[in-house]
Amino acid sequence: MSPTTDRRTAPAPAAARRTAGTGFREAGAAGLAAGLSMGAYCLAMAVHGTYPFGARSRAVNDLGNQFVPFHARLWDLMHGRTTGDLLFNWGSGYGVPFLADFLSYLMNPFSWLVGLFPRHLVELPVFLVTLLSMGLAAALMTVFLGRLRPGPGLPRALLAVGYGVSAWVLGDGAADPMWMWGPVSLPLLGIAGDWCLRRRRWVPGALLVALAWAGNFYTAAMASLAMALVLLVRLLLAEGCAGRDRVRVLARAASMGAVGVLLAAPVLTVTSRASETAMPAPPAEYRGGPPLPDYLAHLLPGGRGEVPAPNVAVGVLALLLLAAFPFVRAIPLRVRAAWYGLALLVAASFVWRPTVLLWHGLALPNGSPYRAAFVLGGIVVLVAWLALSHRPRPGELIAGGCVVAVLVAVCAAQGAVDAATWVLVGGGGGVVLVALVGLAVVGGRSRAGRGAAVPPWGRAAEGASAEGDEDGYGEADAGGGREQAVGALSGEAVAVGEGGGTRPVQPVLLAVLACAVFLTSGYTALAVTAERDELAWYRPKTTLAPAALTAYAGLRARADWPASRADPGPHEFADNDPLLLAGEGGAYYSSYLPARTAHTLRGLGAGWYIQGRHTRSVEDPAARAILAVGSHLTGPTGRAATAHRSTPAPLVTVRTGGAEGDVRGDRLFARQELLLGADVYETPRPTVADGPGLLPTGYGWRLPAPDGGPHGGPARDASALDGRHHGGPTPGEPAARAAQPGAPAADAAQTGIHIAARSSPSTVLTASCAPGSVAYWYAPWYAGRVEALGTRSLGYGDRPMTATPVRRLGRVPPGGRVTVRLVHTRPQAIPREPIGCLSPGRLASAVKRLRARAPVRVGASGHGLTAELRPGSRGTAVVAVPAVPGWRCAVDGGPARAPRRLGGLMAVPLGDRADRLACSYRTPGLARGLAASGAAAVALAAVALVGAVRRRRDGGTGAPRAASPYRASSRAPVHAMPGGVDDTGSGSAPTSPTNPLNRDI
C-alpha cells in the first residue's frame, strides 16, 4: 500500500526548545551506553594484554586467516596499490572474483576506516570494527528501548551495555567483524518497525532496512525475523486497535522492508550467484539442542561451556530484571505472558532443526548452529526494560533475585558455570540487586515525604517516547512509589528526609549501579577471553609480524605483473597470504571460492582444505611454469621466508593444438604435460617390494591397511574451529609445517593423524626412472608418512575434505631406482600414476618454446586482460587463469564469448589468423541486482516527492490531513502535540489520548 503524508504545523518556540533538549539528552544516553560498552571491553583487553593493549595477538582462526588479510586487500584497493579491483582479484587463487567477498566480509561501514591507518597496522582498524560496532549497537539499543516504552536515559543505557558486551559478541561476533553488524541491525530494524506502528518516516525506515541488509545480509535476515516477531507482539497488545488498522501497519512494514531490501539487492544477487558456483560447504549435521541445564547456564555471564549452546547472556542487570518480570504486578498478565512467550518461542526455535534452518537461511551453517543467538539476547534486554520501566517494587526485585539464585543452583554443575560466573552473579549481581532495591525503597520514601506525586520520569522522561505517559498496560500506578522509583533512576530526584532536608542517596545508588554494570561487563569480557585463550586450538596467526612485513617488501620488490606472478606460497603466514602480503598466488580461503578454481588448482597438484574452500599455491616447478610463477617463498610456516626465482611460461601462451580438453582422474603429470605441450615426465608403474599389495580400482589403486592396523579413518584434528578444518591439520599448524619437503614428521598429538611407529608394518613401493631426474609423489587423499630418497613428508588427505599437494621426493640416484616407504594405519586410495620423474631439461625446453610463441605484449587492468599477439598467430590462446563463469573474450574486436577450458584454464580459439585478444570479467548477478536497486530507489524517491508535494500543498491551504490512530510522536507530550505527519522523517504526528499505539507497546 502507498504510504501517506500529512502536514506538520510549526512548533512553538517552547516546544522547539524542549525538542532540542530532548535530542541532546537522548544523544547523551546513547553516547553513555556506547562509551561504557567500549570502555569495558577495552579494559578487559588491556588487563589481559591483548592487542592493541598488549603483545597477545587477536588474529585467531578466521580473524587472522580471513579478516585481517581481507582488510589488507581493502587498504590496497583504497590506496591504488593492488593489481585488481572490486570485481576481480588477480592476487588470490591465481585469479578469482572478488565482489561477493567484498559484499560479505567488508561491508561493515567501520571496515572502511582501514584506509586511514598505515598498512602495517591493519590489525588496529580490524579491532576498531569490533569495538565501534559494539558501541553503536549499545547506543541504538538505548534509543530503541525508549521507543518501546518511555523512560530515563541512564537505565536504558545500562541495559544496553549488557547487550553491547553480550556473550554472543564475546564468543561469536568478536572474531568475525562482519557479524558484528548483526547487533547493530537488530535495534536499527526495531526503530524502523516502531515508525511503522506510528505511521511515520516511511522513507527513513526503508533506508534503515537497506543499511542493515547492506552491512551484513546474513545477520540482517536474522534481525529482520526477530523484529518482525517483536512487531507482531506489539500489535497484538495494542488495545482498541481495529483489525483493519493492524493490517495497514503490517502492509506498511512489508512495503518498507521490501523496498529497503531491494535497495541492497546487489548484495543478495551477487552473493547468491557466487554461492551457486562456489565449492559447497562440508556437510553439516544438527545433532539436537543442548540439555536444558546447559541451555539455561548460558543465561549466566562469564563462562564458556563445553556443550554447544546459544550464547544469550547479556549481563547481570538484564538477568535480574528478566527474572523479576513475571512478578511485576503493574504489568497486566497478558502482557507478561506475551513477552515471555516471545522469548521462550525464540529460545525454543534455536534447538529445533526446522527453525534452526529458518534462522540460517535454510542451510545449516558449517560451524556453530547458534549464530542467531544475538537476537534472543536483544529480546531479553527488551523484556528487562519493560520490567524496569514499570517501576518494580522491592519485593518484586527480590523475587527476581531468588529466581536467579535458583538458576545458579540448578546449573552449578554445568561447564558454562565457573569461578567467574560465581563472582559475577554472586558479587556483581548482589550489588546490582541492592542498588535496584535501594532505589525503589528510597523512591517510595521520597514520594511519601513530599506528600505529592512526582512526575514519573523526571525531566529525562521527555527524552523518551512521550506517548507512553499514559500506561497502556494497565493502571498508571499500582502502588505508592512506582513513579518516584524510576524517577530516581533518571538522576533527577534526591531523597527527602524529615523536615525537608535532602540526602544524596539516589546519586550514590545510581553511581553504584553504573559502576557495577561497567565492572561486571569488563570482567565478563576478561573471563571469557582468558578461558578461550587456554584452548589448544586457539592459536593466533602471525599476520603482520616483522617476518611478514619483510616478505611483503620482498614481494613488492619482485613484482612483475602481468609478465609473471610473485607467489607468496607455499609458505604461510595466514590462509590468505596473497591478500596479506600482496603478490599473485594460489592460496585463497573464502566461502565464495569458485568450484572451477578449486578443482583446477587441485588438478595441477595444489592442496586444499575444507572441501576445497581453502586452496594452496602449487609447489612443483612444472605447475609454477604453467601458471607463470616467476618467484615464490618457502620456509617454516609463520617465520622468515626464502625467496626463489624461476623462468616460467608467460601468462598468455599460444598453442597449435585444440581449444579445449582435459585429462580424466588424478593423472597430475599427464595434465601438466597437456598444458605444457610437451612430455616432461616419466610415470613408471610402481611395484610392491614389501607389505600389502596394491589392488586395482577404478580410481587407481587401493592400498590395504597393514596387518593388525585399524581400518577406520584418521582422527580429526581437534584444532578445528566450528568444524572448518576436518580430517587434517589446520592450515599453518604443525602438521602442515611437517609436510614441507625434508621436514620431520609431526607426531599424532600435533596432527590429529595417528601414524605408526617407524618399526610398524608398512608398504614399500619401487619404481625405475632416469638417473638425475627429480621424483615427485602425488596421492592427494593419502594419509600417512611418505619416505623416499632421504626425505620424509606427511600426507594428510581425507577425501573430499583435505587434499595433500604434490611432494618432492628427491633426485633419482645413478641406479635409477626409486623406493617409497608408506607408513599408514588405514586403507588408502592411490592414483594410478602416483610417481612422476621430472626431467628439468625437458621442462626448460618446453617453457622456452612457449615463450617463443608468446604474445608481444600482455596488459592487465582491474578486471580485464589484453594481449597483442605475434602477427599471424593461430591455434589457441591459453590464459593461465582458472576459467570461472563471468569471463568473456574477444579476438580482434569480434563478439565476446565465454572462453573454453584447457586443463581448467581459459582457452580461446584464435582461428586462422589473429592479432589481438581481449578478455574482461563481468560479475554474475550484478546487473540484475543493480536493476532491482534502481527500481527501489525510484520508488523511494517517488514516495519522498509525493510527501513533499503534499506538505507544500497543505501548507498553502492550512488544512491538515486527518490524524491516523497509529501516529504518535516521541518528541511531545501526548496531550499537546502538533498535528501533521512527515513521511520523510522531518515531522511529528498528531496523536490522541485514546490512541492505543500511544501507549507502551
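How many nonpolar, polar and charged residues does the lining of the largest cavity have? The structure examined here is a predicted model, in which local features need pLDDT of at least 70 and side-chain atom pairs count only at pLDDT 80 or more, whereas totals for chains, interfaces and linings use all residues. Residues are numbered from 1 along each chain as its sequence is written, and side-chain values use heavy atoms, with hydrogens and water left out.

Cavities were defined on a 1 Å grid over the protein atoms alone as sets of points where a 1.4 Å probe fits but cannot get out, lining residues being those with an atom within 4 Å of a point. The count comes to 10 cavities of 30 Å³ or more, and the largest has a volume of about 190 Å³, a volume being the space filled by probe spheres set on grid points joined across faces, edges and corners. This cavity is lined by 17 residues, of which Pro97, Ala274, Thr277, Tyr921 and Pro924 are the closest to its centre. Two or more lining residues come from each of α3 (99–105) and α11 (265–277), helices being DSSP runs of H or I with at least four residues and strands runs of E with at least two. The most is given by α11, with four residues. By class, the lining of the largest cavity comprises 13 nonpolar, two polar and two charged residues, where Ala, Val, Leu, Ile, Met, Phe, Trp, Tyr, Cys and Pro count as nonpolar, Asp, Glu, Lys and Arg as charged, and the others, Gly among them, as polar.

Helix α11 also takes part in a helix pair. Helix α10 (residues 243–263) packs against α11 at an angle of about 60 degrees, with the axes 4 Å apart; axes are lines fitted to C-alpha atoms over the stretch in contact, and angles run from 0 to 180 degrees between N-to-C directions. The arrangement of α10 relative to α11 is therefore oblique, given that angles under 35 degrees count as roughly parallel, over 145 as roughly antiparallel, 65 to 115 as roughly perpendicular and the rest as oblique. Val261, Leu262 and Leu263 in α10 meet Ala265, Pro266 and Leu268 in α11, contact meaning heavy atoms within 4.5 Å. The contact of α10 with α11 has six nonpolar, no polar and no charged residues.

An open sheet of three strands has the order β5-β9-β10, with mixed pairing, two strands being paired if DSSP finds at least two bridges between them. At the edges stand β5 (565–570) and β10 (642–645), each with a single partner strand, so one side of each is left without a neighbour in the sheet.

How values were computed: On a 1 Å grid over the protein atoms alone, a cavity is a set of points where a 1.4 Å probe fits but cannot get out, and a pocket is an open set with protein on both sides within 12 Å along at least five of seven lines; lining residues have an atom within 4 Å of a point.
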